[in-house]
Every structure is written in structure tokens, then in C-alpha cells.
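The report below is meant to be read beside the sequence and the coordinates.

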Amino acid sequence: MNLYKTSTLLPELKSKLSVTFSKIPKKVRALLLIFIGFIALFLLADILFPFKTNIRYSQLILDRDNHLLHAFLSNDDKWRMQCKQEEISLLLLKTIISKEDKWFRFHPGVNPVAVIRAAWQNGTRGERVSGASTITMQVVRLLEPRSRTHINKLLEMFRAFQLELHYSKNEILALYINLLPYGGNIEGVKAAAYLYFGQQPQALSPAQVVTLAIIPNNPRHLRLGINNKRIILERNAWLKRLFKKGLFTGIELHDALAEPLDVTRHPALKAAPHFALLLRRMYPGETEIRSCIDPIIQDNLENALQTDVQRLRSLGISNAAVVVINNRTHAIEAYAGSAGFDENIYLG
């Protein structure tokens, strides 16, 4: 472009914008300037006070087929297993959104309609009868717990806007699903799925999905293995509501309502403990480590090792260690550092 044309074009454009802005009514101009000022202040505050989402997850050791082999507590002593987006079933997403925040995909972190409605209802009745928390605001609360005051609510809204600015909707949902409380030191759907139902989150049945969706609303009084009868009543009520919203077919609803809930808390998986500890020392910052351990070979090795050491005690042999390596791939398929595992010795 010709430099002369460029130099004359900029003042002309500036003049047109000035004329256009002057034609806007004064009240509208004032509101527009206030809005621009708020945006500028928000962006400045976002830079000065960034929202950190550093979550400490449990370290997971996987076997050769990507199944959970061994789990360690997080650094803050929580069972908080990271559930990646590809592990989250569509049914779980729909259930969470339908139950907690049906406008989640459309609002910017705060739902203004819900805020106004809650303020009106709570103000006219003189007590808190409804809330306006979106999923994004709940994530903020889970990451930065605070007492429920008006100032903290405003701060929570500010943080929610920050979260929406820096993360996609799916990423925010993943954070929410990873932080949901399930009583005690269990947090997140993945940890709850393994420790209560003994399976991966994407394999949960509709009844199990709804069960895990309702517990975080009242984790103290809806404890799996303790309050199962109360959970079933609450679960079935929500199954019927979600059916009316089209989340289940009639057959799925019938099967889900009839599904028993006789679960108790299972211990965390602790297979191949010697090898798991070795990998933990080798990769201390990794949330998930995939090994080449074959669980069948590992189980057979541990059983055979204990049997053989017991048989050879009369010869003065009290312990042994075995590593099974695939000669073709050089992969470690089984690893036992001793005949049996004493946690007090290795972790003491």
C-alpha cells in the first residue's frame, strides 16, 4: 500500500469513528465507557492476581493394558485420581450439566438470571432458599474454599470469570469432575468409581453415574457403604427427573431403578508394589505411568515365589526376588522384590 494513502487513511478512519461515537446517545456512551472500564480493570486484575489451578493428584501405575495396577495417595493425602476428558462418559457430562447448571455451555461463568432470581428470593424471604452457583463457581469454591459472605461471593464470581477466560468449557467440567467430594479423603469421580464400584469411570452404569452425581451435594450424609438406603431414595428420585429430561430410555430407567446398591469402600489397588515404588522414585512428577506389567504373570509370580520360599526355608532360604523380562521386547512383565510385601519396611 502507498505510504501517502496510509498516512491519510488513518486520520480519516479516526475522524469517522469519532463522528460515529458522537452520534451515540450520551447515556449509552456513558454505559459503554463504564463497560470498557470494567473490562480493562478485570484484565488488569487477572494479570495481577492470576487464578492458579495446581491440583495435586494421586500417582497411578497402569499395567500393559492401561488398567489401574497400583495407586498412591496424593501429596496432601487424598485419593484424587485425575480423570482425563476421554475417560468421562457422555452420560456423566449430561447428568452433571442437567443437574447442576443447565445453562453451563452458554454463560460466561456467572449466570446473571440465576443471580437476580436468588437475590430476590433470598431477600424477600429473609433467608437463603436458593443459590446461583454455576459449575464454574463451584470449581472456584472447591479450589479456594471460603466462608459464605457477600464479599467472598463477589470474589468467587471474579474467579469464575477468570476460569472461563483461560479454560474451555470441557476443561472446566473436567476440573469439576476431578474435585467433587465423596466423603473422607476421596475426591473426584475416578477415585470414587474405583474405590466404591471397582471400575473405570467410563464403565459406570446409569444408576452408578447418578449415584456419584448426587453424593457431592451432601457427602457427610450420603456416604456409600453407610447410608446406602438413603442414597437409593435420592438416586431414584433423580433418575426419574433425568428421565423426564430425556437422558435415559424407559428400559434404562427401569433397569437403573432396580439396580441394587450394596457397595462398600474397597481398598486402593496395590498390585506389584515393589515395581510401583521403583517407578514412583524414577518418575516423581508423573500423574500416570504406564508399565508393561502383565497382571496375570505378576499374580502367578508372587504366588509361586511365596510358595517356593516357604518350601525352601528348611534349606536356610528365607527370601527371594524375581524379575520376568520379555527377551524379545526387553519389557519387564513381572517384578517381585521379595516373597511378600511388608509396607512398614519399604515405606517406613
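The model is a predicted one, and the values given here should be read as computed from it.

**The largest pocket**

The largest pocket holds about 710 Å³ of space. Its lining is made up of 27 residues, of which Glu100, Ala132, Ser133, Thr134 and Gln138 are the closest to the pocket centre. By class, the lining divides into 11 nonpolar, seven polar and nine charged residues. Three helices, namely H3 (90-100), H4 (112-125) and H5 (135-143), each supply at least two residues of this lining, and the largest share, four residues, comes from H3.

**Aromatic rings and charges over them**

Four aromatic pairs are found when the whole structure is searched, and one aromatic cluster is formed by Phe42, Phe158 and Phe161. Charged side chains also lie over rings: the charged end of Lys99 sits over the ring of Trp238, at 5.1 Å from the ring centre, while Arg280 lies over the face of Phe72, where the distance to the ring centre is 4.4 Å.

**Two hairpins**

Strand S1 (residues 60-62) pairs with strand S2 (residues 68-71) in the antiparallel sense, over three bridges, and within this pairing Ile61 has His70 of S2 as its bridge partner. The two strands form a hairpin with five residues between them, and Asn66 in the turn has a positive phi of about 70°.

A second hairpin is formed by S6 and S7, with six residues between the strands. Strand S6 covers residues 322-325 and strand S7 residues 332-336; they pair in the antiparallel sense over four bridges, and Val323 stands opposite Tyr335 in S7. His330, which lies in the loop between these strands, has a phi near 65°, a positive value in a residue other than glycine.

**The loop between H11 and H12**

Ala272 is placed in the loop between helix H11 (250-258) and helix H12 (273-282), and it has a positive phi of about 45° although it is not a glycine. Asp262 is found in the loop between H11 and H12 as well. In sequence Asp262 is 36 residues apart from Ile226, yet the C-alpha atoms of the two residues are 9.8 Å apart in space.

**Positive phi and exposure**

| Residue | Positive phi |
|---|---|
| Ala272 | about 45° |
| His330 | near 65° |
| Asn66 | about 70° |

Is Ala272 buried or exposed? Its relative accessible area is 1%, and because buried means under 20%, Ala272 counts as buried. How does His330 count, buried or exposed? Its relative accessibility is 64%, and since the cut-off for exposed is over 50%, His330 counts as exposed. Asp262, with a relative accessible area of 65%, is exposed too.

Notes: Residues numbered from 1 in each chain as written. Predicted model: local features only at pLDDT ≥ 70, side-chain atom pairs only at ≥ 80, totals over all residues. Heavy atoms only, no water. Phe/Tyr/Trp six-rings, centres within 6.5 Å; stacked < 30°, edge-to-face > 60°. Lys NZ or Arg CZ within 6 Å of the ring centre and 35° of its normal. 1 Å grid on protein atoms, 1.4 Å probe; cavity = no way out; pocket = protein on both sides within 12 Å on 5 of 7 lines; lining within 4 Å. Points joined across faces, edges and corners; volume = space filled by probe spheres on them. Nonpolar A, V, L, I, M, F, W, Y, C, P; charged D, E, K, R; others polar. Buried < 20%, exposed > 50% of the residue type's maximum accessible area, 1.4 Å probe, protein only. Pairing = 2+ DSSP bridges.
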